[in-house]
Amino acid sequence: MLKPGATIGILGGGQLARMLALAAAPLGLRCHVYSPEKDSCAFDVVHAGTCAKYDDEASLGRFAGAVDVITYEFENVPAKTAAFLARRRPVLPDPQVLETTQDRLVEKNFISALKIATAPYGPVHSATQLSDGIVITGLPAVLKTRQLGYDGKGQAKIAKGGDPVAAWRSLHNEPCIVEGFIDFEREVSVVAARSRDGKVECFEVTENEHRDHILRISRVPAKVTPALANEARQIASRIAKAFDYVGVLAVEMFVVRKGSGRKLLVNEIAPRVHNSGHWTIDGATVSQFEQHIRAVAGWTLGKPVRHGRVEMTNLIGAEVNGYAQWLGEPGVSVHLYGKTNPYPGRKMGHVTRVAPGGDKA
Ligand code: AMP
C-alpha cells in the first residue's frame, strides 16, 4: 500500500494520463509520466516526466527506479516494455491483461470462454477463412484488424452482396477478425474498478453515442431496465475478476432486441480508464481516475454516488475552439486537454453537464 507522497509511474502521456495525475494530486500522490512524444499533454501537470522511447532500456530503468508502482493509460504498451518494467516494479494492471486486450481475436475468445455473449465472429488469416467466417457471421459484417485498431481505424464493413476480399484488401490483408454487423438498439459501457484485495466497484451503466466511430456523447443513466443494467455490471465484474484485475477497466457493449426483451453483447474491453467514464469527474463523488489511482496504490476504493443526470460531450478537433460558449452555462464543467494541434478526429477536451435530481433517463 502506497503512502501519501509516493509516486505512481504512468506509461503514456495523453489526456487519460493527464486526468489520472490530476486525480492523484488531492490524494497526496505524485505521478511520473513516461511518453515518447515531447508535446504530451500530461507532462504539463505531473511531478516528473520522462520523454523517451518505449524500447530505451536505460530510460525505462531510471523511470522504474524513480517510481513506486507503474500503470498505463493505453493498451498498446509493447509487451517487452511491460516485461522489462515488471521485473523492477509492480506493473498494474498485470501486463498479462495486455496480451489479451491487444488482440481482438484473443480478447473475443477470452470473453466467449467466460460464457459472455459477443457478436458472432471468426478469425481471418486467409481468403478461405474469410469465407468460412462469413458463413458464421452472415452479411453485413465488419472486418477488424486484430491489432492496433481504435476509433474505427482498422475496420471495414462488408455490405450484403459486397466483396469480402476487397474489404480485406483495404486492410492490407492484415490478420483480422470478421464480426457480424450488429443492428444494436444502443451502445452502453460499464467502467469498473477492482482493488488489490479483489473488491469491485462499478460505475453506473453509461449510454454512448458515436459519430464517425468516435465517442461523441455519454449519458447517465442509460436507457436500460434495472435488470439489464445489473447484468451489464455483472459482466464487467466477471471480466475484472477473471483477469485478477487491479485498476479501472471499461467494457463496451451493444444492447440488442431479443423478442420483446433486450440482451447484451460485449464489443470490446479497454484495460484502462475510458472516455465513457469522463463524466465521473464532475458527475460522481469519486471519478474513474481516482478509483484507478486508489486501486494501483493499494487503497480502498471509493463508493461512487452520482450527482444527477449527466451528459458528457467530447470536443473533437476544431470544436475545442468554441470552449468559451460553455463557460457560463449552469451545471457545465469544461475540460481542455492542453493539446495544441486540433486536427480532425482528435479528442481535444470535453464538457460535462450535470442536472441535479431527476434520475429518469
Ligand atoms: P470498436 O473499435 O470495436 O470499438 O468499434 C467502434 C464502433 O464501431 C463501435 O462503438 C460501434 O459503433 C461500431 N461497431 C463495432 N463493431 C460493430 C459490429 N460488430 N456491429 C455494428 N457496429 C459495430
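Helix α1 (residues 15–24) is largely enclosed by the rest of the structure, because nine of its 10 residues are buried. The model is a predicted one.

**Helix α1**
- The buried residues of α1 are Gln15, Leu16, Ala17, Arg18, Met19, Leu20, Ala21, Ala23 and Ala24.
- Among the elements that cover these buried residues are the strands β1 (7–11), β2 (30–35), β16 (332–336) and β17 (347–356).
- The cover also includes the helices α9 (280–283) and α10 (288–297).

**A four-stranded sheet**
- An open sheet is formed by four strands in the order β5-β8-β6-β7, with antiparallel pairing.
- The edges are held by β5 (121–124) and β7 (155–158); each has a single partner strand, so one side of each is left without a neighbour in the sheet.
- From one strand to the next, the twist averages 25 degrees.
- Strand β6 (residues 141–145) runs antiparallel to β7 and is joined to β7 by four bridges.
- Opposite valine 142 stands lysine 157, in β7.
- Across β5, β6, β7 and β8 (176–180) lies helix α5 (residues 104–113), which runs at about 150 degrees to β5.

**Cysteines**
- A disulfide is a covalent bond between the sulfur atoms of two cysteines.
- The count of disulfides, taken as pairs of cysteine sulfur atoms within 2.5 Å, comes to zero.
- For cysteine 41, the closest cysteine sulfur is that of cysteine 51, at 13 Å, which is too far for a bond.
- Cysteine 41 is buried, with a relative accessible area of 5%.
- Cysteine 176 also counts as buried, at 0% relative accessibility.

Technical notes: Residues numbered from 1 in each chain as written. Predicted model: local features only at pLDDT ≥ 70, side-chain atom pairs only at ≥ 80, totals over all residues. Heavy atoms only, no water. Buried < 20%, exposed > 50% of the residue type's maximum accessible area, 1.4 Å probe, protein only. Helix = DSSP H or I, 4+ residues; strand = E, 2+ residues; numbered from the N terminus. Contact = heavy atoms within 4.5 Å. Pairing = 2+ DSSP bridges. Axes fitted to C-alpha atoms, helices over the stretch in contact; angles between N-to-C directions.
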